[in-house]
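Here is a short report on one protein chain. Look at the sequence and the 3D view, then read on.

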Amino acid sequence: MEALTYVPAVVLVASVAPAVWLGRRAARLLGQPAIVGEIMACLLLGAVLAGRFGWGGEATDGWPVLEKAGHLALALFVVGAVQEIRTGAGKLGGRAVAWTAAGSALLPMACGTLLAVWILVGGDPALRGTAPTTAFVLMLAGALSVTAVPVLAGVLQDRGMLHTRTGRLAMAAAVTMDAVNWALLAVAVGLATGGGQATPALVFTAGLLLAWGLRRLGELPAARALAHRARPALPTALVALTTVAAALLTAGLGLTDVLGAVLVALALPADGGTGPWTRAARTVGQWGRTVLPLLFVLTGAGLGGGPAGIFSWQATAVAIALALAGKLVGSYLGARAGGQDTRTSMRLAALLNTRGLTEITFLQIGYQAGILTPALYLALVVMALVTTALAGPLLWAVGRGAPERTPEAADHSLHPVER
């Protein structure tokens, strides 16, 4: 009979795949990115299981194991995502990219800071929480600046724009911005989890130095030759095991487990986007992506089992308004400053407003680190879904999303780990 105590955990795991399928199917029927429906379906599933059956939390047998699996899946996904960003960042340059990225990052960061000030002045504990002010402001500044590189690639591919000038410029600007945003997130989490002590900051700094050293070693000719001669399974296994170990270590030292994954990604040698290390990171990221919906269900259960009235319509509306204003206006002005015509600038603004799973991952890390309260986390998740869902309609409004006539040579250095 003891086995029956694990029924909630087993039912939850068994429900994830059908929820993902239904969510993606519904999104496709509505002409939306599949990830929007997937995330909504998983969050709703978790909320229903918690609200109707009371499943969720440490008291539910097997729940801690599921939570750990979800967090490790997030860490694996982050390795793939960060490596993709680094791979693309090495190929960027030019006035158009610099201005577009600056416009699409700086104004949204200012809007995120404005959102933080609004919450701080309002003093609502359900939104403010107890995180250090600096960590809170950095978190929201980065959250409103994120663009989902993988989802953006999917949108561009679906509309035949992936290798057009506009598509490549959008990808380049998004990669540049997100590299900065991950650094902001690392600082925010370090401040929030450090409790005012120097030890976590020192650990993270030492990790950065170690990652830099390992990366330099891996880029030596002898190391490159050895990696290319090895069986593909060996680099993949090494990246996966190192990521799990680093995630568990950083979590045990008081830092979030995802920071360990970021350090592993930064330690991987640059190999042009098609080498063994990038392929390994991509594979590991896909493994994490497969299990990641479990974390969304668990998060939904945590929110659904929380106090009544946790959702704040006011915070959601303010977050959506500031997110749209920051991305659309900032991206448009940045593209115009970079020499783009009006139509191209409007297309870029619509594309760079896409947030998707990268944003949800960003928010999940802040929520896990205690920077975001449940109410604010939920408001920002809704913001991410709304802004991502608007990518298609906005492109249609600009010019019906018709592909450009002058595609450039294909560049397969960026392969999305999720859609």
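## Cysteines

C42 counts as buried because its relative accessibility is 0%; buried means under 20% relative accessible area, exposed over 50%, and partly exposed in between, with a 1.4 Å probe and protein chains only. C111 counts as buried too, at 10%. How many disulfides does the rule give? The count is zero, where a disulfide is a pair of cysteine sulfur atoms within 2.5 Å.

## About the model

This is a predicted model, where local features need pLDDT of at least 70, side-chain atom pairs count only at pLDDT 80 or more, and totals for chains, interfaces and linings use all residues. Residues are numbered from 1 along each chain as its sequence is written, and side-chain values use heavy atoms, leaving out hydrogens and water.

## The chain as a whole

The chain has 18 helices and zero strands. Both are DSSP runs numbered from the N terminus: helices are H or I with at least four residues, strands are E with at least two. Of the 419 residues, 53% are buried.

Take the contacts between residues at least 6 apart in sequence. Of these, 84% join residues at least 24 apart. Contact means heavy atoms within 4.5 Å.

## The nonpolar core

In soluble globular proteins, nonpolar side chains tend to be buried together. Here the largest nonpolar core holds 119 residues. Such a core is a set of buried Ala, Val, Leu, Ile, Met, Phe, Trp, Tyr and Cys residues joined through side-chain atoms within 4.5 Å. L140, L144, I371 and L380 have the most contacts inside this core. Helix α8 (residues 165-194) gives the largest share, 15 residues.

What does L144 touch, leaving out residues up to four places away in sequence? Its partners include C111, P108, L322, R355 and L380.

## Helix α16 and a glycine pair

G370 follows α16 and has a positive phi, near 85°. G129 lies in the loop between α5 (125-128) and α6 (133-143). G129 is partly exposed, at 27% relative accessible area. G129 and G370 are 241 residues apart in sequence, yet 8.0 Å apart in space, C-alpha to C-alpha.
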